[in-house]
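Please keep the sequence and the structure in view while reading.

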Amino acid sequence: MSSPASKPEFVKALTLTDATMLVAGSMIGSGVFIVAADMGRTLGSPGWLLIAWILTGVITVLGALAYGELAAMYPRAGGMYTFLREAMSPLMGFLYGWTLFVVIQTGTIAAVAVGFGKFLGVLWPAVTADTYSWFPHLTLHTSDGSAIDLGLSPQRLVALVTIWVLTWINLRGVREGKFVQTTLTVIKTASLAALVLLALTVGRNQQAAAANFGANWFAGSPQWSSLFVITFGSALVGSLFSSDSWHSPTFAAAEVQNPQKNLPRALLLGTVLVSALYILANLGYLNVLPLHGSVDGATVIARGIDHATNDRVATAVMEYIFGANGAAIMACAILISTFGCNNGLILSGARVYYAMARDGLFFQKAGVLSRNSVPAFALIAQSVWTSLLCLTGTYNQLLDYVIFAALLFYALTTIGLFILRVKRPDEHRPYRAVGYPVLPALYILFASGIAVTLLVADKTRVQALSGLALVVLGVPVYYLWKRGAGAPASE
């Protein structure tokens with residue numbers, strides 16, 4: 001324990017197991033249990049749905065392999081903010097940190113928290129998405145005809161409470177945060193594995209399996225064309241969002257034991273584990289439910305993956321296996337999953353704002369550790385902005401904003417790996433990216449290609465352009481801050 005005269009320092013409390021659980025726990029939230037419905041509607045065939053998840057897994061693991069080198073080179077608080085600052089410029093680092101705070105990390109936390117409320121509605125039907133009439137609310141209509149309801153609903157109120165509770169836990173210290181993270185990740189990983197096992201064995205639906213895996217494997221999907229490539233890319237929003245935040249331990253690198261070895265290992269182990277589970281989970285869904293339900297006009301006669309109630313695909317699977325009790329069982333498992341996911345996101349995100357503040361690029365108080373050795377002001381600022389985002393959109397709308405900006409910076413950070421190899425060839429590299437330069441280049445190609453499709457696809461264009469505008473808006477903000485809006489925290 002530090003003496004009264006000494007300044008608090010980060011506590012190296014995260015072991016390899018903790019860091020791996022932070023990867024897995026930050027990835028597994030509510031997405032894998034929900035997004036298959038929207039992806040199925042977009043792609044139209046079981047084959048392309050499964051290919052989308054396989055491709056997402058490949059992309060995620062490629063990213064982890066590339067980031068391992070950067071994490072081992074710069075094992076300090078900040079993660080991608082630090083990597084971009086060192087490889088490109090302080091401006092590029094700031095643009096990432098700015099976008100992380102405005103939408104990427106906070107938007108993800110908000111989306112997962114709203115997902116928590118969505119599944120609590122299974123156990124407590126009063127928790128609905130309908131906004132309260134007594135609370136100020138506004139409905140906006142986008143160019144694609146969809147509506148965005150601004151306001152407070154029971155689902156969003158529940159989301160706010162979970163954010164505040166988890167922020168309070170992490171204000172108490174990294175040991176408390178990691179205990180919650182590791183415990184809940186073990187439980188939810190086991191729950192996801194159990195779902196897979198049940199769906200592939202006792203829950204097998206012969207009719208659904210025949211419909212999904214027979215001659216109609218690719219039936220219903222459009223012919224291969226540039227239009228389909230765009231459609232496929234936009235459908236990946238769901239699976240990529242479900243696999244996002246795999247790099248979270250790099251944000252908290254200063255609190256990882258032996259980070260030069262443990263960070264690359266944790267990134268690889270966590271992403272391989274979760275990607276495999278995600279692919280098997282969707283294989284399980286297709287083993288139990290037909291991709292397409294039966295619809296007569298506006299009435300759903302038989303539910304499939306694409307018409308699962310409120311898109312709760314995993315719940316529909318468990319209902320088929322266990323009846324009404326299955327919905328309650330799955331809801332409990334997903335509540336644990338989303339709660340644990342947001343704990344990891346809240347813990348790690350605040351460390352980036354701490355690093356920015358130390359460079360004079362965020363509120364000065366965010367660069368100071370509390371007596372519990374955590375960036376308390378950064379945690380509180382994060383919770384305040386996330387709470388506001390919870391009032392602005394539904395689950396699907398929030399993830400559309402998040403994924404474009406995330407992909408943009410994933411590609412730029414991996415480009416930074418190439419820049420550092422040229423700019424600092426003699427710098428110590430405890431770990432070198434596997435398959436360099438081919439595999440990192442392939443990752444850049446995938447990430448940037450999908451980002452471009454989101455810009456041109458009708459379904460995601462508005463959100464992607466909004467995400468790009470937020471990044472660009474960070475440029476004048478950076479120069480304003482450099483001129484005196486912020487100052488480096490004292491050493």
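Helices, taken as H or I runs of at least four residues, and strands, taken as E runs of at least two, are DSSP runs that are numbered from the N terminus. On that basis the chain, which is a predicted model, holds 18 helices and 4 strands.

**The chain as a whole**

- Of the 491 residues in the chain, 58% count as buried.
- When contacts between residues at least 6 apart in sequence are considered, 81% of them join residues that are at least 24 apart.

**The loop site at Ser-373**

- Ser-373 sits in the loop that runs between α14 (324-358) and α15 (376-390).
- Ser-373 has a relative accessibility of 10%, and because buried means under 20%, this residue counts as buried.
- A polar atom of the Ser-373 side chain lies 2.9 Å from the backbone oxygen of Glu-9.
- With neighbours within four places in sequence left aside, the residues in contact with Ser-373 are Pro-8, Glu-9, Phe-10, Val-11 and Glu-255.

**The loop site at Asn-205**

- Asn-205 is placed in the loop between α8 (174-200) and α9 (206-213).
- The relative accessible area of Asn-205 is 12%, so this residue is buried under the cut-off of 20%.
- The side chain of Asn-205 reaches the backbone nitrogen of Gln-207 at a distance of 3.1 Å.
- Once its neighbours within four places in sequence are left aside, Asn-205 is in contact with Asn-287, Val-288 and Tyr-320.

**A nonpolar patch on the surface**

- Leu-157, Val-161, Trp-164 and Val-165 form a nonpolar patch on the surface, and together these residues have about 330 Å² of accessible area.
- Leu-157, one of the residues of this patch, has its place in helix α7, which covers residues 154-171.

**Cysteines**

- The structure holds 0 disulfides.
- Cys-332 has a relative accessible area of 39% and is therefore partly exposed, whereas Cys-390, with a relative accessible area of 0%, is buried.

Methods: Residues numbered from 1 in each chain as written. Predicted model: local features only at pLDDT ≥ 70, side-chain atom pairs only at ≥ 80, totals over all residues. Heavy atoms only, no water. Buried < 20%, exposed > 50% of the residue type's maximum accessible area, 1.4 Å probe, protein only. Polar contact = N/O pair within 3.5 Å; in protein donor to acceptor, adjacent residues only side chain to side chain. Contact = heavy atoms within 4.5 Å. Patch = residues over 30% accessible without salt bridge, like charges linked within 9 Å, V, L, I, M, F, W, Y side chains within 5 Å. Areas by Shrake-Rupley, 256 points an atom, 1.4 Å probe, with all protein chains shown as cover. Salt bridge = Lys/Arg side-chain N within 4 Å of Asp/Glu carboxyl O. Disulfide = S-S within 2.5 Å.
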